[in-house]
Amino acid sequence: MASLTIRLHPADNVVVAGADLEPGTALPGTAEGSGVATTGPVPAGHKVAVRAIAPGEPVRKYNQVIGFATATIQPGDHVHVHNMGMGSDFERDYAFGADVHPVEPIPEAERATFQGIVRPDGRVATRNYIGVLTSVNCSATAARMIADHFRGPALTAYPNIDGVVALTHGYGCGMAGSGEVMDTLRRTIAGYARHPNFAAVILLGLGCEVNQIDKLMEATGLEEGARVIPIGIQDMGGTAAAAREGIRRIEALLPEINDVTRQTLPASHLTLALQCGGSDGYSGITANPALGYAVDLLVRNGGTAVLSETPEVYGAEHLLTRRAIRREVGEALVERIGWWEEYTSRTGGEMNNNPSPGNKKGGLTTILEKSLGAVAKGGTTPMTAVYRYAEPITDKGFVFMDTPGYDPVSATGQVAGGANVLCFTTGRGSVFGCKPTPSLKLATNSTLFRRMPDDMDIDCGAIATGDATIEEVGRAIFQLVLDTASGRKTKSEELGVGADEFAPWQMGAVM
């Protein structure tokens, strides 16, 4: 049975409603003693005050500042957007490396394993896809024609191939031909072309676009061969001709690509992308800390986990800088935070624009509150590196990649960096997939898990009701990651989700 309230730290002046609370509901277990009752209705996952909070006074949750009262808040009041705001005077002590503690590695002989695919160059895959990557929006239709040819019975004779997927986007022209914006796009496409979950890729261009295929390959070091096949629509004589050529080239590769055998490999070969979307008031209480526990297990087993969504660690970045293994690692994150502050200011926004209507309906009020819950996905081990968007991830352990908070764009950068499994926590019900990387959906509450059973892979709601611990659910997540890496299909894969979610970061002006 769900507790009426959840208190996250004795110093907090709010608690979280564990169920819909009617006016006059007595709040159990408050440090302030008896006599505190709700003054009005409070939805599940939302905050309720347990002490009086004066205007301008900090509101504390997780023993951290999540905002400031914008009106007088009485004990028992619902605390949300109507009486709490962002403010600017919140505590952030970067204290680089202050919370770094040694990781106790699991002995190699005892490390977790999974059934993976080893590529000829030694890279390890969790899936066996063929990709059709586009240089520009103009080649999207031809790319889909190629992939569509291999739907249905076309791959029946090749059971070890997970599919042919077209990853299209709306970019590649109307942009500068050099500089950071083009470099980022090319780095993203090349990261997918090199991804171990793609046995082979076609690079499909139009011919007159700014993002020329030959320039992309030259700039990123991609080399044409049996597994990297450039095709130009104009050179081939049109859309249909280019599609026929792509189909022909893939058909010739099918027997060889199908000839793979999964083998037992250590979990150190896994790079786990961490995402959250459609977050709610339970995200930082259930699914995110449970995923963080799984991350700590993965790191102890020699693997890598990648936290991202820079706008969604804003206000909580001090919790990460304190875990930076070296000062320069922490400073790299602070520099990225500064870039985002300048970027949002220049474009007429603010960092607190991030919480979505769904986030707020689920109980989150400010980006500070959202971020404090989001960083829990990263566990507790030292932060070993900070990467730019779509950079190849080479460090082991817990790392950070600078990305937008928008899930498809963020996950695209992580996968381009080499993530071969992804965990996505959600409280409102995100339906995300991320081919060629399998994506697991972690429900923050049991109501969501029951309402969307075809989309959710694991229920973390038992933590809120006291029926399971963070450790128990974290271990279940870790095992599910291993099973998924071994070939078990995720709910999004069963639904066929994951091609349209390819979304490179469009950083610059469209001209």
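## Overall size and surface

Accessible areas come from the Shrake-Rupley method with a 1.4 Å probe, and for residues only the protein chains shown count as cover. By this method the accessible surface of the protein comes to about 19500 Å², and 51% of that surface belongs to carbon and sulfur atoms. The model is predicted: local features need pLDDT of at least 70, side-chain atom pairs count only at pLDDT 80 or more, and totals for chains, interfaces and linings use all residues. Residues are numbered from 1 along each chain as its sequence is written, and side-chain values use heavy atoms, with hydrogens and water left out.

Along the principal axes, the C-alpha atoms fill a box of roughly 75 × 50 × 40 Å. The radius of gyration is taken over C-alpha atoms, and the globule rule is 2.2 Å times the number of residues to the power 0.38. For 511 residues a compact globule would have a value near 24 Å, and the protein agrees, at 24 Å.

## Burial and contacts

Buried means under 20% relative accessible area, exposed over 50%, and partly exposed in between (1.4 Å probe, protein chains only). Of the 511 residues, 59% count as buried. Contact means heavy atoms within 4.5 Å. Among contacts between residues at least 6 apart in sequence, 72% join residues at least 24 apart.

## Helices and strands

Helices (H or I, at least four residues) and strands (E, at least two) are DSSP runs, numbered from the N terminus. The protein has 15 helices and 21 strands.

Two strands pair if DSSP finds at least two bridges between them. An open sheet of 3 strands has the order 9-8-14, with antiparallel pairing. Strand 9 (124-125) and strand 14 (263-266) are its edge strands, each pairing on one side only. Strand 8 (residues 113-118) is joined to strand 14 by 4 bridges, and Gly 116 has Gln 263 in strand 14 as its bridge partner.

## Helix 8

The expected span of a helix is 1.5 Å times one less than its number of residues. Helix 8 (residues 327-346) has 20 residues and should therefore span 28 Å; its end C-alpha atoms are 29 Å apart, which agrees.

Buried residues of helix 8 include Val 329, Leu 333, Arg 336, Trp 340 and Tyr 343. Their cover includes helix 7 (317-321), strand 17 (383-387) and strand 18 (397-401). Just after helix 8, Gly 348 takes a positive phi of about 85°.

## Thr 271

Thr 271 lies in strand 15 (residues 271-276). Thr 271 counts as buried because its relative accessibility is 13%. Leaving aside neighbours within four places in sequence, the contacts of Thr 271 include Thr 304, Val 306, Ile 393 and Asn 420.
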